Amino acid sequence: MNTAEIFEQFLKSKNVTTDTRNISKDCIFFALKGANFNGNTFAQEAINQGAMLAIVDEKEYENNSQNIFLVHNALETLQDLARMYRKHLQIPFIGLTGSNGKTTTKELISAVLKEKFKTHYTFGNLNNHIGVPLTILSIPEDTEIAVIEMGANHQKEIELLASISQPDFGYITNFGKAHLEGFGGIEGVIKGKSELYDFLRANKKTAFVNYNDPIQVEKTADINRITFSDQNNTDVQIELIENKTEYLAVKYKNLDIHSHLTGNYNFSNISCAIAIGQYFGIDAESIKNGIENYFPSNNRSQIINKENYKIVMDAYNANPSSMEASLNNFVKFEGSKTIIIGDMFELGDEAKTEHQRVLDLAERLNFDQIFILGHHFSETITTNPNVKKFEDRKAFEKYLIDNPIKTKNILIKGSHGMRLDLLENI
């Protein structure tokens with residue numbers, strides 16, 4: 001069965017899955033393979049549960065009489081199917097990537113666009129070589145605009161995802177010290193993320209550009225672009241309002257917009273959403289409404305107010321750039337402050353140096369208590385009596401039973417694999 005034939009069946013079902021736990025009547029099941037599983041072995045089960053088709057890539061599981069069809073590579077067929085459907089939709093696609101802030105920016109953009117358009121956007125963190133095709137294939141036909149998040153931890157990945165999603169517009173949040181191991185250092189990060197710019201340039205598409213970022217400005221000099229910043233020489237101007245609360249506020253067209261986000265590092269994220277809203281003809285009041293009605297979730301810069309204290313829960317992910325930004329923001333909070341920071345993953349040979357740099361910064365900022373968790377942080381060097389080390393979350397939880405935190409503010413940040421969002425006794 002070729003991809004064109006599968007596409008004809010897809011237009012009838014409008015539903016694909018790679019997981020037999022999510023089978024619905026008349027869906028198409030793609031038998032993907034991973035390090036510890038082989039989806040081909042579940043093909044018959046998918047049909048038994050009501051799937052219209054099962055697509056396999058190992059001949060022994062082929063059974064045309066049962067609608068189990070063989071292709072050369074199930075993953076590549078899934079990606080090709082997404083390419084076909086993307087062309088079929090004929091609506092604007094906005095693609096975004098970057099080291100930090102991708103998901104928050106995606107959700108802000110979508111919150112603004114939904115004020116005027118039927119908008120579909122990447123759910124959760126489905127932003128890789130499997131998640132992007134699944135996102136595209138889940139777009140309803142009456143959608144008017146799509147926002148696709150693209151993640152990567154090595155070069156050529158954004159190139160692949162852009163070839164699948166074919167964005168008409170692109171935005172890179174920033175180039176930071178994330179996935180250094182896979183990218184081969186910060187220069188590799190810049191090269192890898194800029195594959196989105198390569199696509200926009202080659203296909204004469206448009207980039208949204210943060211004009212406060214000189215690298216972004218340089219990388220897009222020969223691309224059609226829409227610029228935004230707090231400067232007067234850009235297409236869209238937004239002003240950062242200095243306020244005394246932990247929440248970020250901006251001024252746009254004489255309107256004060258009060259977000260539910262913390263940290264000046266979210267200024268560019270909000271500004272991008274405003275710039276995209278303006279480009280697509282959304283009035284200022286609606287843009288304001290979209291941003292003010294967005295509440296962060298999924299452990300991304302969430303402020304959780306307790307009875308006598310507050311927690312900044314930022315435990316979805318961490319890298320040296322985002323860690324530095326979070327610490328510099330948190331120190332501005334009024335009252336006593338405790339930080340709980342966990343290991344940053346995928347740093348390769350830079351892990352020792354970058355964890356020491358983060359701890360050194362935390363000490364300079366003079367927090368009341370500094371708790372560091374994980375193998376890499378445990379190997380850092382310090383003589384500061386306010387710093388306490390723990391090998392993992394469980395060891396720290398035991399400590400908290402007899403040593404409760406009593407400060408007014410608590411920051412929790414670390415890579416997702418540290419699962420600091422599951423901390424008990426806080």
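Is Cys27 buried or exposed? At 0% relative accessibility, Cys27 is buried; the word means under 20% relative accessible area, while exposed means over 50% and partly exposed lies in between (1.4 Å probe, protein chains only). Cys272 is buried too, with a relative accessible area of 0%. The number of disulfides is zero, where a disulfide is a pair of cysteine sulfur atoms within 2.5 Å.

The model is predicted: local features need pLDDT of at least 70, side-chain atom pairs count only at pLDDT 80 or more, and totals for chains, interfaces and linings use all residues. Residues are numbered from 1 along each chain as its sequence is written, and side-chain values use heavy atoms, with hydrogens and water left out.

**The annotated site**

An unreviewed UniProt entry lists Gly98, Ser99, Asn100, Gly101, Lys102, Thr103 and Thr104 under "binding site". UniProt positions are given in the numbering used here, feature names are shortened, and annotations may be inferred rather than shown by experiment. Ser99 sits in the loop between strand 7 (93-97) and helix 4 (102-113), and Thr104 belongs to helix 4. Helices (H or I, at least four residues) and strands (E, at least two) are DSSP runs, numbered from the N terminus.

| Residue | Relative accessible area | Class |
|---|---|---|
| Ser99 | 9% | buried |
| Thr104 | 9% | buried |
| Lys310 | 16% | buried |

Leaving aside residues up to four places away in sequence, Thr104 touches Leu261, Asn266, Asn269, Tyr294 and Arg300; contact means heavy atoms within 4.5 Å. Lys310 is part of strand 18 (residues 310-314). With the same exclusion of residues up to four places away in sequence, the contacts of Lys310 include Glu246, Phe333 and Lys408.

Two strands pair if DSSP finds at least two bridges between them. Strand 1 and strand 2 (residues 28-30) run parallel and are joined by two bridges.

**Strand 20 and its neighbours**

Why is strand 20 (residues 369-373) described as largely enclosed by the rest of the structure? Four of its five residues are buried, so the description applies. Strand 20 runs parallel to strand 19 (residues 337-342), with five bridges between them.

Strand 19, helix 14 (residues 351-364) and strand 20 make a right-handed β-α-β unit. A crossover is right-handed if, with the strands pointing away from the viewer, the path from the first strand over the helix to the second runs clockwise.
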